[in-house]
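Try each task before reading its solution.

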Protein chains: 2
Amino acid sequence: MYLSKLFIPILKDLPSDEKIKSHQLMLKAGMIKQSAAGIYSWLPLGFKVMKKIEQIVREEQNKIGAQEMLMPTIQSSEIWKESGRYDDYGDEMLRIKDRQGREMLYGPTNEELITEIFRSSVKSYKLLPQMLYHIQWKFRDEIRPRFGVMRCREFYMKDAYSFDLNEEDAKNSYNKMFFSYLNTFNRLELKAIPMSADTGPIGGDLSHEFIILADTGESQIYADKKIFDIRLDNFKNEKLSLDKMRKDFSSIYAVTDEKFNEKEFNSKVSKDNQVKMKGIEVGHIFYFGEKYSSKLNCLIDDQNGKKIAVKMGSYGIGVSRLVGAIIEAKYQNNIMKWPQSISPYEVAIIPNISKNNREYLKKGIEIYNKLKKQNIDALLDDVEENMASKFKKHDLIGIPHQIILGAKSSNDKFEFKEIDKKSELLTLDQILSKLLK
Amino acid sequence: MYLSKLFIPILKDLPSDEKIKSHQLMLKAGMIKQSAAGIYSWLPLGFKVMKKIEQIVREEQNKIGAQEMLMPTIQSSEIWKESGRYDDYGDEMLRIKDRQGREMLYGPTNEELITEIFRSSVKSYKLLPQMLYHIQWKFRDEIRPRFGVMRCREFYMKDAYSFDLNEEDAKNSYNKMFFSYLNTFNRLELKAIPMSADTGPIGGDLSHEFIILADTGESQIYADKKIFDIRLDNFKNEKLSLDKMRKDFSSIYAVTDEKFNEKEFNSKVSKDNQVKMKGIEVGHIFYFGEKYSSKLNCLIDDQNGKKIAVKMGSYGIGVSRLVGAIIEAKYQNNIMKWPQSISPYEVAIIPNISKNNREYLKKGIEIYNKLKKQNIDALLDDVEENMASKFKKHDLIGIPHQIILGAKSSNDKFEFKEIDKKSELLTLDQILSKLLK
């Protein structure tokens with residue numbers, strides 16, 4: 001893409017005093033635009049990042065055998081009345097009357113709807129276990145939406161649901177998701193800590209939050225630093241291995257301030273290993289057994305022909321929230337650096353262009369076309385602007401690699417820079433091999 | 001995917017008297033499930049097809065330089081009051097009050113919102129032309145939703161918007177979309193006819209519907225059969241070529257019953273060339289100039305520094321509707337055959353399995369694994385069931401190629417069948433080369 005053609009309304013000044021840096025960056029870099037309180041449009045740059053995150057989430061869900069489907073945004077109130085949550089949910093639920101006067105709502109979560117789909121489709125234990133997921137817009141009518149996409153009203157979320165015959169199998173499904181989540185966050189180059197959590201309005205008796213580290217996070221975290229030594233590639237998607245994985249994580253102290261107890265912390269974790277950090281919740285998983293299946297009468301025949309309520313869990317990842325959370329984790333000293341796996345472009349080509357000298361631009365176009373042939377998605381900064389302004393702009397855009405074409409480059413060697421690192425003079429072949437690795 | 005694991009609730013009987021065949025098939029084959037009147041969940045099989053259609057639509061939009069973004073589903077009423085359509089839209093607009101009592105709505109279309117985004121981002125002719133699109137859920141509160149996904153309330157649609165400095169450029173953007181739409185429908189293996197159309201509630205003075213042929217279509221079409229002789233690959237994405245393309249199409253008689261006039265038809269089209277068919281609208285494009293930009297004050301500086309209203313068009317393709325429309329076009333004599341480009345799986349492996357003989361299943365698994373290594377997405381029918389029932393089921397699922405493992409197959413030759421065609425005995429290598437071509 002040529003930057004001059006990209007729809008990327010970069011702001012010089014922020015319209016108001018946005019409080020957190022991800023919100024500031026996303027507005028400044030033209031990633032999003034607010035359409036109403038807590039409701040955003042995703043402009044091409046932000047959209048691209050979100051789609052890449054979504055794709056990684058999807059691939060890791062597919063890997064553990066979850067099947068993708070899609071439930072609608074608008075639901076009937078009836079199933080929520082069956083579960084008893086229609087009244088419980090309060091004002092955060094966006095309630096709607098359609099033209100016939102029927103009570104509808106914009107789904108804030110989907111336990112009821114998936115249970116209703118499952119109960120009408122599956123009657124026998126033979127079709128278990130099942131894991132279904134979708135990635136869909138949801139709405140929670142926050143009283144005070146703030147922090148951009150971090151606490152907005154319309155948000156994009158992956159939610160998965162597991163269905164099992166008994167608690168043992170259900171715990172195995174839970175562990176698979178646990179494993180999938182850690183792999184997902186690894187691919188996003190995030191340090192994520194799973195923490196035992198309260199179950200809140202979803203309910204149930206087993207739950208973990210996944211919290212990523214960021215200086216500006218909303219939660220205070222207390223942990224034993226040994227938790228960072230657990231290597232995920234020591235485990236496999238097999239029952240015993242996953243049991244061990246969850247045991248290993250659970251045995252190490254890690255809590256948010258809600259569950260924090262100073263005395264316990266000091267007794268369980270040696271002073272040297274104590275870490276106190278800030279973090280952001282990006283995922284939450286629940287095992288709640290028969291909570292919904294019994295209320296909604298989601299029964300299956302077990303091996304003896306007896307009708308029993310299916311055992312369920314639910315598993316959420318905030319896809320749109322992750323865009324903000326990753327910025328909180330990766331935007332340091334006014335310089336953004338996207339993880340390569342989700343960067344909007346793989347490399348930025350930044351030629352020095354002036355009225356009298358368009359040679360570097362010419363070279364830039366040449367390199368751009370060569371990269372394109374190798375399927376490398378580059379952003380060519382073909383805007384006539386001084387280099388200082390260009391670099392400032394690219395500090396916002398955050399593409400992790402840059403090819404800089406100016407005084408330092410020769411006929412066949414170009415300045416190649418990874419953000420945070422020293423630049424090198426390399427041939428195009430050397431640059432290609434770095435980008436393709 | 002093993003069929004025994006796939007979440008595909010195939011129905012033996014239809015719950016009620018669904019009137020059209022796409023609705024019947026989608027329910028029977030477990031592609032969708034109704035969640036409320038005119039609101040559907042997309043189960044894995046249906047979801048996969050819809051996603052493949054979406055991806056083709058996306059690629060063809062990207063090819064003409066349109067940039068993808070994403071607007072939210074919930075909009076503020078304010079911009080609709082600015083355009084004057086808030087009252088015009090009537091009961092089809094799903095109106096919502098949030099917890100603060102603000103008037104919101106579920107977007108039925110996005111002319112207002114995109115204009116609002118554009119006016120706050122682009123101030124100069126230098127950034128023109130621009131084409132932006134998104135693929136998002138929309139809601140129209142139909143008084144009588146029916147025909148499954150063909151006339152539902154929550155539907156998935158690609159809508160694009162063009163912004164140009166003057167009418168000539170705007171017509172060029174219009175022609176690009178015209179070209180993109182025809183390419184899209186070609187890739188979906190559909191015969192689509194562009195027809196000059198009324199502009200309806202969108203407004204404007206130039207508009208085409210794209211209608212695909214299907215015996216059970218809702219619209220009556222009258223055309224000169226010469227329209228099928230126009231070859232799209234004779235044209236390029238360049239101004240003069242696109243001008244000629246639209247002229248070529250426009251010069252040939254093709255209208256729906258709304259504009260039909262028997263006398264005109266007989267005078268313009270020779271008897272031999274007259275075709276009368278049924279069709280389904282799957283796309284609609286509009287050029288409406290300043291209709292929204294002037295009302296919403298979307299002004300840019302032209303080359304002389306004068307502020308002028310930007311010239312706009314809008315361009316829709318019903319992505320969820322296409323799933324139904326393609327079934328209407330391709331489901332014949334109770335046998336579905338998906339176009340290969342959007343088939344949920346590339347090939348079905350159907351072994352004959354009985355209690356006493358699991359040899360064919362074993363062979364099927366072997367073939368499945370070999371195909372997987374070649375990145376061929378196969379569905380292995382590992383269900384123990386007689387072959388007649390299996391074939392009946394696969395007539396619904398509609399995968400265009402089958403590998404049948406039974407009495408006819410030998411140690412190294414297998415029955416390979418393309419739906420509608422005679423089966424052949426082929427080696428796996430021969431099958432592979434057919435599938436990979």
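Predicted model: local features only at pLDDT ≥ 70, side-chain atom pairs only at ≥ 80, totals over all residues.

**Exercise 1.** Work out whether the radius of gyration of chain A agrees or disagrees with that of a compact globule.

*Solution.* 
- Start from the chain length: for 437 residues, a compact globule would have a radius of gyration near 22 Å.
- Now take the value for chain A, which is 24 Å, and the two agree.
- For the overall dimensions, the C-alpha trace of chain A spans about 80 × 60 × 45 Å along its principal axes.
- Next, turn to the interior: 48% of the 437 residues of chain A count as buried, where buried means that 20 or more other C-beta atoms lie within 10 Å of the residue's own.
- Finally, look at the contacts in chain A between residues at least 6 apart in sequence: 73% of them join residues at least 24 apart.

**Exercise 2.** Find the strand order of the open sheet of three strands in chain B, and explain why β4 and β5 each have one side without a neighbour.

*Solution.* 
- Trace the order across the sheet: β4-β6-β5, with antiparallel pairing.
- β4 (74-76) and β5 (94-97) of chain B are at the edges and have a single partner strand each, so one side of each lacks a neighbour in the sheet.
- From one strand to the next, the twist averages 35 degrees.
- Zoom in on one pair: β4(B) and β6 (residues 103-106) of chain B are joined in the antiparallel sense over three bridges.
- Across this pair, Ser76(B) lies opposite Met104(B) of β6(B).

## Where the two chains meet

**Exercise 3.** Describe the side of chain B that touches chain A, then find how the two copies are related.

*Solution.* 
- Count the partners: 38 residues of chain B contact 38 residues of chain A.
- Locate them: elements of chain B that each supply at least two of its residues on this side include β1 (32-36), α2 (44-63), α5 (111-121) and β7 (130-139), and also β4 and β5.
- Sort them by class: the side of chain B that touches chain A has 23 nonpolar, eight polar and seven charged residues.
- Superpose the copies: a rotation of 180 degrees, with 0.0 Å of shift along its axis, places chain B on chain A with an RMSD of 0.0 Å. This is the relation of a two-fold axis.
- Look along that axis: Ile96(B) is the residue of chain B that comes closest to it, with its C-alpha at 2.9 Å.
- Compare the two sides: 100% of the interface residues of chain B are also interface residues in chain A, so the copies meet through the same surface.

Terms used
Residues numbered from 1 in each chain as written. Chains lettered and ligands numbered in written order. Pairing = 2+ DSSP bridges. Helix = DSSP H or I, 4+ residues; strand = E, 2+ residues; numbered from the N terminus. Axes fitted to C-alpha atoms, helices over the stretch in contact; angles between N-to-C directions. Contact = placed C-beta atoms within 7 Å. Nonpolar A, V, L, I, M, F, W, Y, C, P; charged D, E, K, R; others polar. Least-squares fit on C-alpha atoms with pLDDT ≥ 70 in both. Rg over C-alpha atoms; globule rule 2.2 N^0.38 Å. Buried ≥ 20, exposed ≤ 12 C-beta atoms within 10 Å, placed from the backbone.
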